[in-house]
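Please examine the sequence and structure shown below. The report that follows treats the ligand shell, the nonpolar core and the strand pairing in turn.

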Amino acid sequence: MSLLVTQGLTKQFGELRAVDRVDFTVRPAEVLALIGSNGAGKTTLVNLISGLFPPDAGTIHFLGVDVTAQTVHDRIKAGIARSFQLVNLFDQLSALDNVALSIFSRGDKTRKLFALAASDRAVWEEGFEILKTFGLEAKAGVLAGGLSQGERKLLDVAVAYALRPKLLFLDEPTSGVSTREKAPIMDTVTSIVRSEGISAAIIEHDMDVVFRYSDRIVVMHQGAILADGSPEEIRSNATVTATLIGTATGA
Ligand SMILES: Nc1ncnc2c1ncn2[C@@H]1O[C@H](COP(=O)(O)OP(=O)(O)O)[C@@H](O)[C@H]1O
Ligand SMILES: [Mg+2]
């Protein structure tokens, strides 16, 4: 059974078809890499699935339910969360505040403020536990703006994880960090999702990271899916190698 299924998903920006009739699936408890050169449509596909804007055609089913017309908030409640290519943190708030805000936002939007206040303690405790899980507990009181780039990327994932998703999209979780910092970030993130049975779909340019950490690789090119297979299959796929791998690593 698939966790997520898109059928014929299409998004047009003027003349440009950024996502072109995409049939994309994510299975339960898999770590999937979504690759492709700059402009291939990866972020747009994630934007459509997370509900940032509507598709021009096609459907999105999550756990068998058609979520194509659902709001972002409803999709988060259903279990779809995502991080952003450029981190989406409140720099003037502490690391713990950033995670706590995410936990708060999980609640019903109409919940009364006093009810939120009453649950404060539980929220801070949960937030601290999440920071611990990500190895960021020593940074709990540090303003997000004062963290290193690697810590910021991890915190951004922690904020999405705090929504307690079943499916987590990570848009370039290691972009902008040094080569040395990439493995620790990926080790942390993949061990968390694997131990909890969360599916992760990770957009990543570094092919060493892609081959090392993913169970399955989906390759996008000019808005469409070019290939879908195991790391071994993708590595030996001549079309993929010729079309993408040279450009993807340089992107
Ligand atoms: N909001 C937008 N408005 C217009 N064009 C966009 C928008 N978002 C993305 N695009 C275009 O769609 C194409 C796919 O972009 P994107 O999904 O960001 O690619 P990727 O994440 O694979 O690098 C690119 O040509 C990009 O310029
Ligand atoms: Mg992108």
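## Ligand shell

The residues of the shell around ligand 1 comprise 4 nonpolar, 6 polar and 1 charged (Ala, Val, Leu, Ile, Met, Phe, Trp, Tyr, Cys and Pro count as nonpolar, Asp, Glu, Lys and Arg as charged, and the others, Gly among them, as polar). The model is a predicted one, in which local features need pLDDT of at least 70 and side-chain atom pairs count only at pLDDT 80 or more, while totals for chains, interfaces and linings use all residues. Residues are numbered from 1 along each chain as its sequence is written, with chains lettered from A and ligands numbered from 1 in the order in which they are written.

Ligand 1 is surrounded by Phe-13, Leu-16, Ala-18, Gly-36, Asn-38, Gly-39, Ala-40, Gly-41, Lys-42, Thr-43 and Thr-44; a residue is near a molecule if its C-beta atom, placed from the backbone, lies within 6 Å of it. Two elements, strand 2 (16-26) and helix 1 (42-50), each give two or more residues to this shell. Helix 1 supplies the largest share, 3 residues. Helices (H or I, at least four residues) and strands (E, at least two) are DSSP runs, numbered from the N terminus.

## Nonpolar core

The largest nonpolar core has 70 residues, and Val-99, Ala-158 and Leu-168 have the most contacts inside it. Such a core is a set of buried Ala, Val, Leu, Ile, Met, Phe, Trp, Tyr and Cys residues joined through C-beta atoms within 7 Å; buried means that 20 or more other C-beta atoms lie within 10 Å of the residue's own, with C-beta atoms placed from the backbone. Helix 6 (residues 149-161) gives the most to this core, with 7 residues. The core lies between domain 1 (4-79 + 165-250) and domain 2 (93-158), because both give residues to it; the domain bounds come from an automatic or database domain assignment.

Ala-158 touches Val-99, Ile-130, Leu-131, Phe-134 and Leu-136, not counting residues up to four places away in sequence (contact requires C-beta atoms, placed from the backbone, within 7 Å).

An open sheet of 4 strands has the order 2-1-4-5, with antiparallel pairing; two strands pair if DSSP finds at least two bridges between them. Strand 2 and strand 5 (65-66) stand at the edges, each with a single partner strand, so one side of each has no neighbour in the sheet.

Strand 1 (residues 4-13) is joined to strand 2 by 7 bridges, and Leu-9 stands opposite Val-22 in strand 2. Their hairpin has 2 residues between the strands, and Gly-14 takes a positive phi near 60° there. Strand 1 also pairs with strand 4 (residues 57-62) over 5 bridges, where Val-5 stands opposite His-61. Strand 4 and strand 5 pair over 2 bridges, and Val-65 in strand 5 is the bridge partner of Phe-62.

Terms used
Buried ≥ 20, exposed ≤ 12 C-beta atoms within 10 Å, placed from the backbone. Contact = placed C-beta atoms within 7 Å.
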